[in-house]
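Welcome! Here is a short briefing on the structure below, arranged by topic.

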Amino acid sequence: MTTNSSDEAELLARLQSQFGDMNVNEFLNGCPNNDDATEEDDSESSVEEPTPEELQAWQESQFAKGRMRLQTKEILDDAAAVRRRRLRTEKEEDKDWERVPAAPELDGASIFFPSNADGMDLAAGAHPLLQKLVDFDPEVLGTNWRCLYSSSRGDGVSCLNLMDKIRAYAGPTMLIFGGVPSASRCLEQAEDLKQVTLGFFTFDTWMECDNMFGADDECFLFALDYDSNDVKIFPSRLRGNASKKGTKKYMYCNPSSGAAKSDKTDGSVHGFGVGGSPSLPRLHITESLEECRALCYDSLFEDGDLMLGKGSESLYYFDVNEIEVWAVGGDFDEQLAAQAKQKEIELATLEHARTVDKRQLLEHIENGFAW
């Protein structure tokens, strides 16, 4: 084979660089490139041909290295909770295995799941309501939990503090709200208002936005019933629907002041929202934490009463008096470090915008406010 063009020469050079000591030109021509070459020259080659055993051992080692690189990449790319969810949904999952309840490990006391509660499962070491909540998704929820926010641990009952604690946290989070029906909304004189406890779980990252976000269909709303020791789950309507996966947005977080502040006049509410729309969320947590609302239906989650029959007299309005937020699934240190880094970036961007605004104001003053 002769190389009469620059393209052929370039290709031959690339092949030669890949095959090392092997003479690619001789191999393609089926004979030595130098017509005067002798058998003696060939016998003087310093490269010995590998035995079949050596060649097989080398191939196996290369295959093992490649497999290890792929496995390492998967571990680094996926959070622990996401890995468990992926394993659960793989087609090769053996459905004949009996599912054993997994007990979560909380890093501290919870006001919603006290350790001295009636019906406490001493063997599992978990509050009965917590165990039932975990059983809905044990691969993810039956793991470690770390408290990100607790009104009973000194974080206070504050919507703005809550937003600051969970904003930019990229791992799965469990939000739990305790409250009572709003007396100001009751149709009759309010007497003996009963406590309600409800919440929301999501894999998505919380952020300030004046529109819906968060497209993970594994999220769900829930309500805790302490009277019957039961948990009512309201999953998304698209949960398990692979053909429409990621087509809906479930979350809303729009403070009246902050990075997401806008001049929209479409009726969008402020505070936290889950389900529904920006103007009418299924679950709406107001900035004052008073007159929050939990509706019985919307287009995103399964229908049902989040207040479990205790909200009809108050038109499903309630006042929040207890809050907890738990990070779930592990990788907490990495997620918290990433959260802190993201907040630094957002703060630097905000400071830059403020500096630009001040500079423009000075320019307007010097020019006599001539806009």
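A residue counts as partly exposed when its relative accessible area lies between the buried limit, under 20%, and the exposed limit, over 50%. Glu208, at 24% relative accessibility, is therefore partly exposed. Please keep in mind that this is a predicted model.

**Overall picture**
- The protein chain contains 9 helices and 12 strands.
- It has 371 residues, of which 35% count as buried.

**Nonpolar cores**
- The largest nonpolar core holds 43 residues, and Trp206, Phe272, Ile285 and Phe318 have the most contacts inside it.
- Strand β12 (residues 317-328) gives this core its largest share, 5 residues.
- A second, separate core has 21 residues, including Phe113 and Trp326.

**A salt-bridge network**
- Across the whole structure, 12 salt bridges are found.
- Arg167 itself counts as buried, at 17% relative accessibility.
- Arg167 also forms a salt bridge with Glu346, with the closest N and O atoms 2.2 Å apart; Glu346 belongs to helix α9, 179 residues away.
- Asp164 and Lys343 form another salt bridge, at 3.8 Å between the closest N and O atoms, linking helix α8 to helix α9.
- Through shared partners, Asp164, Arg167, Glu208, Lys343 and Glu346 make up one network.

Conventions
Residues numbered from 1 in each chain as written. Predicted model: local features only at pLDDT ≥ 70, side-chain atom pairs only at ≥ 80, totals over all residues. Heavy atoms only, no water. Helix = DSSP H or I, 4+ residues; strand = E, 2+ residues; numbered from the N terminus. Buried < 20%, exposed > 50% of the residue type's maximum accessible area, 1.4 Å probe, protein only. Core = buried A, V, L, I, M, F, W, Y, C linked by side-chain atoms within 4.5 Å. Salt bridge = Lys/Arg side-chain N within 4 Å of Asp/Glu carboxyl O.
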